[in-house]
Amino acid sequence: MSKYYLEVTNDVNQWIVSRIFSHKKLCSGKCPLRIVMDRFGDKWSVLILLTLHENGVMRFNELSGCIEDISLKVLSSTLKILEEEQFVKRTIYPEVPPRVEYELTQIGEEMIPFIKEIADWARKTLL
């Protein structure tokens, strides 16, 4: 191989490497956008929040009846995550049988305008 070929090949390789690694990473590390997308990128969280917003305080079976096609296991696990992340408040009443109610917290209510904005955009753009 000629010296010129090697120099050109090396220059091209350096250019390619510099282009690949010179782009800014949009969101790395503890990125708020990733946190939001991880939390609300699933199929059910947004529907649960909207359902609680529209209906107020609800019991588990009421929620289950309002959200079509959600399994009881998925509803339970999603509610648990939303409660851990303080979007939903769970209240247990010491009765027999025990009564458990769910409602949005202030943080959950603060999410609603953003969710509605995305829903409006989807209706206009995708339907």
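**Notebook: core, sheet and salt bridges**

I looked up the largest nonpolar core first, and it has 20 residues. I48, L49, L52, L63 and V88 have the most contacts inside this core. I take a nonpolar core as a set of buried Ala, Val, Leu, Ile, Met, Phe, Trp, Tyr and Cys residues joined through side-chain atoms within 4.5 Å. Buried means under 20% relative accessible area, exposed over 50%, and partly exposed in between (1.4 Å probe, protein chains only). α3 (45-55), α5 (72-84), β3 (99-104) and α6 (106-126) each give at least two residues to the core. Helices (H or I, at least four residues) and strands (E, at least two) are DSSP runs, numbered from the N terminus.

I noted that this is a predicted model: local features need pLDDT of at least 70, side-chain atom pairs count only at pLDDT 80 or more, and totals for chains, interfaces and linings use all residues. Residues are numbered from 1 along each chain as its sequence is written, and side-chain values use heavy atoms, with hydrogens and water left out.

I listed what L63 touches, leaving out residues up to four places away in sequence: T51, L52, M58, L75, L79 and Y102. Contact here means heavy atoms within 4.5 Å.

I then checked α3, where the buried residues are S45, I48, L49, T51 and L52. They lie on the same side of α3, because they cover an arc of only 165° around the axis. That arc is taken from the directions from the helix axis to the C-beta atoms. Just after α3, I found G56 with a positive phi of about 75°.

**Sheet**

I traced an open sheet of 3 strands in the order β1-β3-β2, with antiparallel pairing. β1 (58-59) and β2 (88-93) are the edge strands, each pairing on one side only. Two strands pair if DSSP finds at least two bridges between them. For β1 and β3 I found 2 bridges. M58 stands opposite Y102 in β3.

I also looked at T91, in strand β2. T91 counts as buried, at 18% relative accessibility.

**Salt bridges**

I searched the whole structure and found 4 salt bridges. The test is a side-chain nitrogen of Lys or Arg within 4 Å of a carboxyl oxygen of Asp or Glu. R99 bridges to E95, with the closest N and O atoms 3.0 Å apart, and to E101, with those atoms 2.9 Å apart. E95 is partly exposed at 36%, whereas E101 counts as buried at 16%. In helix α6, R123 and D120 lie 3 residues apart, about one turn of the helix. Their closest N and O atoms are 2.6 Å apart. Shared partners join E95, R99 and E101 into one network.
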